[in-house]
Amino acid sequence: MPEPRQEQQPRLKAILPYLRQLRGLRRWYAASLVLGLLTLASTLALLALSGGFISAAALAGLTPATALAFNFFYPGAGIRGLALSRTVGRWSERVLTHEATFRLLARVRVWLLARLLPLAPRQVGAYHGSELLHRFMRDVEQLDGLLPRLLLPGIALFLVLGGVAALLGYWTPSAALPPLALIGLLLLLAPLLWQLGRRGAQGLGERRAALRRALIDVADGAPVLAFNGRAWGEFRDRALACSRETMQLQGRNERLAALARALVTAAAGLTAWWALVSHGGTLEGPLLVAMVLLLLGVAEIAAPLAGGLVELPAIAHAAGRIEAVASQEPAIVFPPAGPQPADGSLEIEHLDFSWDAHTPVLRDFSLHLAPGTRLFLEGPSGCGKSSLVQLLARFELPDRGSIRLGGVALEALDEPTLRRTLAIATQFAWARGGTLADNLRLAAPQASAAAMWEVLERVGLAATLRTWPEGLETWVQEGGRSLSGGQLRRLGVARALLCRAPFTVLDEPTEGLEDEAAERLAQQVCAWCQGRSLIWISHRPQGSGCFEQRRHLAPPGA
Amino acid sequence: MRLRLRRQRRSIILSPTLLDATLKTREQALERPGELAAESRALLWLTASGRSARALGFGAVLCGTAQALATLFLMYELARVLHALVLEHSLAGVPPGAFWRIPLWVVLRALLGLVRDEFGLRAGRSARLSLRQELLEAIRRGGPLWSARLPGGALSSVLSDQVEAVDGYFAHYRPQQMLAAIVPLLILAAVLPYSWMAALILLGTAPLVPVFMILVGWRTRAEQSRQMLAMQRLGGTFLDLLRGLPTLRLFDARQRSLEELSALGESFCERTMKVLRLAFLNGAVLEFFTSISIALSAVFLGFSLLGYLKFGFYGAGPKLESALFILLLAPEFYQPLRQLGSHYHARAEALAAAMNIRQVLATLPEGAGGQSGASPGGSGPAALEFAGVHLAYRAGEPVLTDCSLALAPGECVAVLGPSGAGKSSLLRLAAGIALPGAGELRVDGVPLAELDLQAWREQIGWMDQHPPLLAASLASNLQAACARAVAPEALWDALDFAGLGDWARALPEGLATRMGEGGRWISGGQLRRLALARLALRRPRLLLLDEPTASLDAGAEAFMVARLEKLAAGCTTLLVSHRPAPLTLAGRVLELGPGGLRPLPAAALAALLQAGRKESRDA
């Protein structure tokens, strides 16, 4: 993700796009809300009814006559029923909420991926380390707790409190006051906690990132730090200091949550006492007991929720960061439909390109390739070879100049046509979690096993693969971690070859290969691309013999 | 047509049978009996490593107990007041003082909760900090070889995320675990003097709770891990696709990956819910017993008050006061257990983290990081000798066998060889990062095993094959190589020496520019120059160069070789390379093959050097 320009204050509005994803799941959430309400109401009613029942029984038991006349059937049945409905309600509410949350989770991820896919890699920060992506993932995970932990129990609590107020008000209007006071307190507390937690959320995000960086340094800096005890000590102390600072800020939030919990617990207890003071002696005994038990029961439910409110700013903060990335408009838009390129020719005219204003990368670069030509493009690092690939892929726009593919301007081509015409293996080879065949089919969904073996043979992976028991079905770990650097790169090349596109571009395909292997790969690829255009980009001279054209790219200013 | 399109797309969705298969094997692993033992070992280890949090944890338990006592008193006063109000219907009958003690207990109860949370918070913090310290110490002991052999990111993930994950266990779960044993007993002790029958109701339902919890928990344990696994898988796939965004675009696989992710979400939801429905029975059991004990108590008390039941109390029948007291305490009896249940996920998280941490620590080499030996004396170029050295990282897979090599002070020796021949291992042995299985190394005639390895490393200049870029300022990145704090001028000199001076001067923030993660990235060539600048800041007695010109183009390679020549002038140098250019530095070139080290034949050397010169001429 692009490093946020300035850590922004969390805004509640940032959660809205996320809530919109609920649209198709409303029924699920409505049902789980109803069940949640049922459970809460049963819990409170069970306590109140039990208290009322024994108080009434005590009053009736004073004389044998009233004791005999006492109808214990309804309260007894009520108590049993409530005990049951509370159990069943709790179980089904949990099942329903979890299922709905799972569905929402999957939906949010699909929605985010759909938003991110059309963006240029630069907009998603794909050129940066995986750390930013990790942070993005943590933000997404933070959002997951919003609905099941805060929103649904919050709504249920307010509805139940309102119901309690209405019920008590029905007996004696003034008895509605204590629960109403509790609602008022929660309503006051929410914005206060939001304000207090907001500042913490902002600082905590920054401190966490700093801590992570410091820890990565100690973990990955070992090759340097091991040779210098002083520097090691410094970096370790920095990591521990960052750790303490982060925990200090975390502690601030946790204390706030604890304070909110204590406040609500005390408030609920005091309202119960208030009810005693104001209605003792006026309200009927059993009703009074029921009322006190109701209010005490509310504390148990409201306290954890008040503590959870402290998390809201952090959630909003995460949502804001996600939105900053996901709400970007694609910097490069493809036309919905366009002409087809006539052949595999390429004309690049007077191309200028720079990543930012200070570092020009390509200056007045021109290149003409007849259809079916194989070009060896070499140059030192930093000369703009990889930038050229980004431009050809239309991941970046040139500052000046034009690129024409098969006689058609690059910007006139629609995306499927461009991708069909141009097969690219970038410098950063990536493999997905899946089988080797899955990874190859990414490029050509209908490729047969024979075709796959053929390209693997070309890139020199087939021999290794034959020694693996599962062959094409070998599982590749996420990011290609289970493959060596050389294997991963060859897999990337194989993928590009499998496309059999009129035009193939390979960026540093021989990195990590021995000279001989590099030479062999160049020969094989050239033979495979016979009759089709090929651009081979490398800083190494190996294999340049098999190319019809050779071009040296000098860094600007050289 | 449309239908066919759909089917074609399906065909590229991640082969589901395989996905199922991998999930299943990992799930089965979770249910294997050995796994339980591993879990309890991990739990023991976790508890032991959180020693520093123990006192704080006891503080939390103490406060929790005091909170329960406050609750008892509150309920007692409440019952007395309600008794008077219900039966006498006026405030006048309320026992004096009882009325005003209620708010007191209410506030005290809340305050004690606050203090208890503070203790928990500090316990979690202290446990995390000491765990992190312990891990950092392990990293120092394990040395760079150990950290380099771990899968990428494993160490930093352990240091940050896994350490954070144990917080809830120490802050909440462990104190609550003790409270779940103490508080119910307290309540039982308070109820027993009033009615043995009511105590029996509480006691009668209570032992069933653990039994049911174990029965249901048996299944839940595996199922909870399965849920975590499913979540991890979904998250992992999402992250995987995010990382591959450019590639997905290049092959126009956007629609396909969206469909795949959505199908994956669907299937995970179905699989996970199937087992969660059962797992939630655990919570339902507790809920059921809480309800049942309230209901039973209420019915029993009500009927006793009506005079239908004439047992369970001592002497005379019950008073409303005691009945209310018992009823008010019934839900409190189960409250600690329910809270323990709500913290259960903290335990699961900490357990998973502990297993991960232990897995990483288990690979820590034994006896690594000797810091006891004598400090290597001497100054000026070191003499280094390999005497019949054997090395194997894993038993049965020797990397070096019977290697002998002597470097005179000031000599420069280059070692050639195919990749995997053990060239880098020679350098690691020399730096004491890897320890020989047999044979020994001598520095100035003293066996390396008798030296303080850390002090020896301080005298070495090492250029790694992949120099790390630290996420700190440019100055810190350089100073990481200096034994003393260095003046900025010296840093600039080093940058100029490495050919980075102009680039660094153009940086708006100069030496203070933040590098790496969250800052500025530099190219592979610049990274090598940075490593060169680091070397220039040291005054080593021994220079160890691991492929110093790999992935450099010819011009940069020539520059690097010229600079290294200057650095090598004042010290002994051992370099390994598969490229010919750096060989010009060496007075002696050896070849490392399966048979050990042997001098490279003169003809082969001449041909190599010829090739090297030709390459640089071409450039």
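Which residue is the bridge partner of B:Leu544 in E8(B)? The partner is B:Leu574. The model is predicted, so local features need pLDDT of at least 70 and side-chain atom pairs count only at pLDDT 80 or more, while totals for chains, interfaces and linings use all residues. Residues are numbered from 1 along each chain as its sequence is written, and chains are lettered from A and ligands numbered from 1 in the order in which they are written.

**Sheet of chain B**
- Strands E7 (residues 542–546) and E8 (residues 572–576) of chain B run parallel and are joined by 5 bridges.

**Sheet of chain A**
- Chain A has an open sheet of 5 strands in the order E6-E9-E10-E3-E11, with parallel pairing.
- Strands E6 (422–425) and E11 (549–552) of chain A stand at the edges with a single partner strand each, so one side of each has no neighbour in the sheet.
- Strand E3 (residues 374–378) of chain A runs parallel to E11(A), to which 4 bridges join it.
- A:Glu378 stands opposite A:His552 in E11(A).

**Domains of chain A**
- The assignment, automatic or from a database, gives domain 1 (12–326) and domain 2 (371–397 + 410–552).
- The centres of domain 1 and domain 2 of chain A, taken over C-alpha atoms, are separated by 51 Å.

Notes
Pairing = 2+ DSSP bridges. Helix = DSSP H or I, 4+ residues; strand = E, 2+ residues; numbered from the N terminus.
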